[in-house]
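Work through the exercises below with the sequence and the model side by side. Each task is followed by a solution in steps.

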Amino acid sequence: MSVTSESLALARPEAVLTRPLILLFGTSVGVIVTNLFAPQTLVGLIGPSLGLSAAAAGLVAMATLLGYAAGLFLLVPLADLVENRRLILRMLACAAACAGLAALAPTAATLLPVLALLGAACSAIQILVPIAAAMAPPEQRGRVIGDVMGGLMVGILLSRPLASAIAGSAGWRGFYLASAVAMALLALVLAARLPRRQPAGRTRYLALIASLWQLLREEPVLRARALTASLVMAAFSLFWTAVALRLAQPPFGLGQSGIALFALVGAGGAAVTPLAGRAGDRGWTRPATLASHLAVIGGFALAAWAGAAPSGGMLLSLAAMGLAAVVLDIGVTGDQTLGRRAINLLRPEARGRLNGLFVGLFFLGGAVGSAAAGAAWAIGGWPLICLIGAGFGAVALVAGRLDRSR
């Protein structure tokens with residue numbers, strides 16, 4: 001059977017989207033996403049404890065993210081086929097089990113596949129967001145998505161300092177044990193509060209997966225928004241992968257605790273997420289997108305100045321670097337929130353697949369940014385990092401201005 005609007009039309013949710021329920025959605029995605037970014041902080045502890053070389057230790061962070069990418073393309077589309085509440089609860093149960101197994105893993109050969117499965121299970125995030133979008137009236141959809149995405153961005157930005165704090169007192173295994181408990185508790189809460197969402201689709205799973213390419217080909221809005229989101233996510237990953245290296249050098253000289261505290265500063269950028277959603281609801285998508293891309297460029301310009309400041313102005317340089325992180329995060333979250341709003345207005349019957357495609361594609365941009373950070377740092381240090389990051393923002397700016405689908 002072909003995947004059509006008629007065959008996959010969704011039943012409208014009967015539950016009322018209240019403020020407490022929006023808060024639950026935002027908190028849930030924030031808690032789940034910590035599993036994806038915390039390993040970047042824990043690599044330095046996991047590698048030596050399992051006998052991994054410095055180069056091989058990078059596989060720890062990579063495994064979870066690769067699993068997440070696989071989940072976006074292979075599991076999230078199931079949201080257009082099976083009842084969403086049951087699917088989410090099963091994925092969270094799997095996440096809790098995998099986190100528990102990670103805490104007990106005796107070798108790297110055992111840990112890496114478990115982390116990949118944990119990452120795949122965490123793609124439940126991209127099923128929760130469309131449920132919230134589906135429950136919201138079209139004129140409020142941007143605001144609701146912005147509120148939920150605010151929780152997601154806070155979770156991303158707090159995951160590193162949170163992991164450092166837990167690992168500092170209980171080791172890296174303690175973090176995964178805490179994560180297992182958190183996933184189990186979250187599943188219990190969602191089992192009681194999450195509304196049912198039954199898609200009316202009767203297509204087969206393989207046809208559903210095959211339809212991903214068709215959606216990408218037929219939806220210019222999806223292609224355009226995924227392109228700019230990929231570029232700003234590349235800039236985001238580039239900055240946060242390299243900034244710890246710069247902060248460890250003069251004039252900053254921050255240790256691990258200081259760098260973890262610096263990561264908290266970036267959480268301030270998440271405050272703009274609801275504002276970006278509201279701007280989209282008011283018809284200001286193009287100017288808000290332009291402002292987001294300018295913020296990315298401006299953030300890197302300020303970061304370049306902060307990194308080049310003389311050693312005598314350490315406090316001023318550190319404040320400027322913190323402001324640069326906030327401005328950059330505002331730009332990234334603004335673009336992605338507006339992008340999510342746009343694609344959630346496209347095809348209600350394909351909302352799960354659209355979200356999986358959108359996030360999967362900009363996740364690939366993030367992977368490019370992370371990979372570029374190591375090479376750029378080795379070749380040209382912080383100035384080259386800032387130049388490449390501003391370049392990502394500039395390309396996103398041009399692409400956004402040339403796009404006529406918005």
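**Exercise 1: a bent helix**

A kink of about 130° lies at Gly-380 in helix 14, shortly before the proline Pro-383. The model is a predicted one: local features need pLDDT of at least 70, side-chain atom pairs count only at pLDDT 80 or more, and totals for chains, interfaces and linings use all residues. Residues are numbered from 1 along each chain as its sequence is written, and side-chain values use heavy atoms, with hydrogens and water left out.

Solution. 
- Step 1. Helices (H or I, at least four residues) and strands (E, at least two) are DSSP runs, numbered from the N terminus. The bend at a residue is the angle between axes fitted to the seven residues ending there and the seven starting there.
- Step 2. For contrast, take helix 9: its 28 residues reach 41 Å from first C-alpha to last, close to the expected 40 Å.

**Exercise 2: the overall make-up**

Task: state how many helices and strands the protein has, and what share of its residues is buried.

Solution. 
- Step 1. The secondary structure comes to 14 helices and zero strands.
- Step 2. Of the 406 residues in the protein, 58% are buried. Buried means under 20% relative accessible area, exposed over 50%, and partly exposed in between (1.4 Å probe, protein chains only).
- Step 3. Apply this to helix 9: 22 of its 28 residues are buried, so helix 9 is largely enclosed by the rest of the structure.

**Exercise 3: salt bridges**

Solution. 
- Step 1. A salt bridge is a side-chain nitrogen of Lys or Arg within 4 Å of a carboxyl oxygen of Asp or Glu. By this rule the count comes to six.
- Step 2. Arg-19 sits in helix 1 and Asp-147 in helix 7, 128 residues apart. Arg-19 is partly exposed, at 48% relative accessible area, whereas Asp-147 is buried, at 15%.
- Step 3. Arg-347 belongs to the loop between helix 13 (314-343) and helix 14, and Glu-219 to the loop between helix 8 (205-218) and helix 9 (220-247). Glu-219 counts as buried, at 11% relative accessibility. A network of salt bridges links Glu-218, Glu-219 and Arg-347.
- Step 4. Asp-335 lies in helix 13 and Arg-225 in helix 9, so the pair ties together parts 110 residues apart in sequence. Both Asp-335 and Arg-225 are buried.

**Exercise 4: the second largest pocket**

Task: describe the volume and the lining of the second largest pocket.

Solution. 
- Step 1. On a 1 Å grid over the protein atoms alone, a pocket is an open set of points where a 1.4 Å probe fits, with protein on both sides within 12 Å along at least five of seven lines; lining residues have an atom within 4 Å of a point.
- Step 2. The volume of the second largest pocket is about 230 Å³, taken as the space filled by probe spheres set on the points, which are joined across faces, edges and corners.
- Step 3. The lining has 15 residues, and Gly-30, Val-31, Thr-34, Leu-162 and Ala-182 lie nearest the centre. Helix 1 (19-37) and helix 7 (141-193) are the elements that give two or more residues to this lining. Helix 7 supplies the largest share, 11 residues.
- Step 4. By type, the lining residues divide into nine nonpolar, six polar and no charged. Here Ala, Val, Leu, Ile, Met, Phe, Trp, Tyr, Cys and Pro count as nonpolar, Asp, Glu, Lys and Arg as charged, and the others, Gly among them, as polar.

**Exercise 5: a cis peptide bond**

Task: find which residues the cis peptide bond joins, and where Pro-251 lies.

Solution. 
- Step 1. The cis bond joins Pro-250 and Pro-251, with omega about 5°.
- Step 2. Pro-251 lies in the loop between helix 9 and helix 10 (256-265).

How values were computed:
Expected span 1.5 Å × (residues − 1).
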